[in-house]
Amino acid sequence: MKNVIIRFLIAAVAAIAVRAVAADATLAVDAAKPGHAISPTLYGIFFEDINYAADGGLYAELIQNRSFEFREPDELFAWSRIERGGAGEFAVKADAPLNATNPHYLHLTIRQPGFGIANSGYDGIPVRNGEAKLLSFYARGSGDLDIAIESADGKPLASTRVSKISNDWKKYSARLPIIGNDDKARLVIIGNAAATFDLDMVSLFPEHTFKDRPNGLRTDLAQMLADMKPGFMRFPGGCIVEGKDLANSYRWKDTIGDVAERRQNWNRWQNAVPTKAPQYYQSYGLGFFEFFQLCEDIGAAPLPVLNCGMSCQYQDKQLVPLDQLDPYVQDALDLIEWANGPADSKWGAKRAAAGHPAPFGLKFLAIGNEQWGDQYFDRYKIFHAAIKAKYPDIQLITSAGPGPDGANFDLAQRRLKTQPADIIDEHYYKDPSWFLKHDNRYDNYDRKGIKVFAGEYAAHRKDRKNSIEPAIAEATFMTGLERNSDVVLLASYAPLFARIGNTQWNVDLIWFDNISCCGTPSYYVQKLYSINRPDVFLPCTLGGSGAVPPPTNRTIYAVAGKTGSDIIIKLVNTAGEPADMDIKLDGIGKVTSASQTVLAGNPNDENTVITPRRVFPKESSIENPSPTLHRTLPANSLTILRLTGS
Ligand code: AHR
C-alpha cells in the first residue's frame, strides 16, 4: 500500500512539473505604440460612515456621545453612574444649553463626594504607557471636578483636577500623560465636594492624530488610506447622504465650523447594528472640512456627494418638490465657493476660518448617491444647469442607479441621451464569477460619450468571505478598467472600513478594532493597482490556452502600461494551479532592471487583525531581465511586473 501511495505521489508531482513547463499563455506588449493617457484619478477610495467607519473608527474621538445628544435607547446613552461612597444624581437637560444646535447637556448634582459618571468610549478606551490624551469639555457650576482615565479594573492611568468651575459655560482642557496600558479603559468624572455642574462636549483625543491635525483622525487607519495613494476620495456616502428620510439626510453645512456647534444626526445604517450597540449616531466631528483636509493630506482629489432632494429609495423615498429644490441647489453652489472661493468670499471665509485660507481645488461633485428613475433625472437636470452656469469646469457625477444593468440602468442611459452629464456613476456588488466575465464591460462603450465612474464595487461570495477569491475576481475586472481608462476616469471599491463587531455590510476593504487594523486581500489588490497606475496605456495581446475564448473559460487576464521608462504589466491567474507565461516586449531594446510583486493564496485565505499579513504582497527582483521573459504565475494570484527599459 505504501508503495502505491509513493508511486501515486511521484506521478502527481510529474504531472505538475509537465504542466509547469508548458506556457499557458503568451503576452505581447507593444511598447512602441503607447495608447491613451490614464487619468491620475483612476484608482480612488470611497468613504462612507457605515460599519462605524467615522465615530468609533477613522475619527479619533474616544468618547461616545460626548455631547449628550444621543438619547436612545436611554438619555444617558454610553454614560454610566459612579458611586464611590458618594451620592448624587444626574439627568440630561436642555434649558440654557451651550448653543442651539447642541441643545442637551448633563446636569450633575453631587450630594456627597465620590459621585460621578463614566464613559467607556467605543467598547473601551485604549491607552498605552508613555502616550498622552487630550481632554476637553465645557462646564458651568461651582467647585472642582476630578477627572481620571481608569483601567477596566479601576486603577488610575492618568488624572487631573479641574478647579473652580465657572458659573457660565467655559471650555476646559488638560493633557493627560498615561502611566500603564489598557485596551478597555474609561474616563471617570467625579465631584469631590457637594456641588452642581453642567457638562457638555466631553472629549478625549489621542495626542497624536494623522498629520497631527486638531480634531483629527486615527493614525493607523488614515495611514492605510495614504498607503493606497488614492487618486480621489468620494465621501461622505453612500446611503447616508440620502438618509432614511430627508430629515436624516446628510447636509454638508451641518458638518463644518466649531465641533460644539455641529448638528448631530442618527445613522440610517443603525437598523442592522447588533443588539450590543443598538444605536448608531453621526457626531459630524469628521465633517466636510476634515474630509477635504484628509484628501489634501493623502494627495486625493476630493469628490463630495450631495443630496439631490431625494431620500433613500430603499427606505422612505421622500422627494423635495421640483419647485422647492433651491436650498439643495444652493448647498451645491455654496460648497463650491467654500472649497474653491477666495478667503474673502462668504463661504471661502468659513474655510479660511477653519485654518485653510488656500482653496482646496474641488474638481468633482456628485449630485445624489445611488438614485434612479425619472424623479432623479428631473432633479439632476436642475442642479446641472445651475452649477454649470456658475462653475462650468466642475465635473458633475450622475447616478446610473443601483445596478450595472436592468430597467433603472437602461432608463439612465435613455435619459442621458437627451440631457447633459459629464460622468456617470455605476455600482456593482456581484458574485466573483460576474467580475471574471465582465472585464470587457467597457470595451465597447462610446469613446466620445459620457465618461464612467465605477463608484462602488466589490465581489461578494455567498458566504461573504473577505478572502483571496473575491479579491482576485476584482483584480481581473480591474484589468478591464485600466484597459478602458479612456472611458473610465474613476473607480473605487466599497465599503472602505468595518469595525469588528459593529458591521452592517460585508465585505469591506479594511477591518479594525480599537487598537489594530488589517487590509483584506481586496485592499492589497486596490493598493497594488493604485501604486502601479501607469500614465499611459500600452496595447497588448494575450494568447495561449489560459486566454482562449470562450471568455468564461479564461483564467488569465492582463493589462500593460508605461510610466516614464517603466513598463508596468498586471497579470491575474484565476486558476487553482500555477500558469506559465511567456512575455514579449516589442519596441524595447533592453530591460535594465525588473521587479515583481505577487499577491497569492488559497481562495479562502483571509487576513485578520491577529494575522494581518497572511495574504500580503511579496516583492522581489527579477534576475537577468530582458524584453522576453518567462514567468510562472501562482494559483489565484495577481502579479505586477515593473520593467525599466531603454
Ligand atoms: O456601500 C454600501 C452601500 O451600497 C452604499 O451606501 C450605497 O450607495 C450602496 O447601495
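A polar contact, as I use it here, is a pair of N or O atoms within 3.5 Å; within protein, one must be able to donate a hydrogen and the other to accept it, and residues adjacent in sequence count only if both atoms are side-chain atoms. I note that this is a predicted model, where local features need pLDDT of at least 70, side-chain atom pairs count only at pLDDT 80 or more, and totals for chains, interfaces and linings use all residues. Residues are numbered from 1 along each chain as its sequence is written, and side-chain values use heavy atoms, with hydrogens and water left out.

**Entry: the ligand**

I asked which residues surround the ligand. I found E48, G238, C239, W269, N369, E370, Y429, E456, A494, P495 and W505 around the ligand. A residue counts as near if one of its heavy atoms lies within 4 Å.

E48 puts a polar side-chain atom 2.5 Å from an oxygen atom of the ligand. For Y429, an N or O atom in the side chain is 2.7 Å from a ligand oxygen atom. N369 has a polar side-chain atom 2.9 Å from an oxygen atom of the ligand.

The peptide bond from A494 to P495 is cis, with omega near -15°. I placed P495 in the loop between β22 (488–493) and β23 (497–499). Strands here are DSSP runs of E, at least two residues, and helices are runs of H or I, at least four, numbered from the N terminus.

I also noted a cis peptide bond from N506 to V507, with omega near 10°. V507 sits in the loop between β23 and β24 (510–512).

Then I checked A96. Its phi is positive, about 45°, although A96 is not a glycine. A96 belongs to the loop between β4 (87–93) and β5 (105–112).

**Entry: α5 with α6**

At what angle do the axes of α5 and α6 cross? For α5 (residues 326–340) and α6 (residues 346–353) I read roughly 50°, with the axes coming within 7 Å. Axes are lines fitted to C-alpha atoms, for helices over the stretch in contact, and angles run from 0 to 180 degrees between N-to-C directions. Angles under 35 degrees count as roughly parallel, over 145 as roughly antiparallel, 65 to 115 as roughly perpendicular and the rest as oblique. α5 and α6 are therefore oblique to each other.

In contact (heavy atoms within 4.5 Å), D334, E337, W338, A339 and N340 of α5 meet K346, W347, G348, K350 and R351 of α6. I sorted the residues of this contact of α5 with α6: 3 nonpolar, 2 polar and 5 charged. Ala, Val, Leu, Ile, Met, Phe, Trp, Tyr, Cys and Pro count as nonpolar, Asp, Glu, Lys and Arg as charged, and the others, Gly among them, as polar.

**Entry: α5 with α7**

I turned to α5 and α7, whose axes come within 10 Å and cross at roughly 30°. That makes α5 roughly parallel to α7. Y328, V329, A332, L333 and I336 in α5 touch I382, F383, A386, I387 and K390 in α7. By class, I logged 9 nonpolar, no polar and 1 charged for α5 with α7.

**Entry: α7 with α8**

Last, I looked up α7 (residues 373–390) and α8 (residues 407–418), which pack at about 35° with axes 10 Å apart. G373, D374, F377 and D378 of α7 meet L411, A412, R415 and L416 of α8. The contact of α7 with α8 has 4 nonpolar, 1 polar and 3 charged residues.
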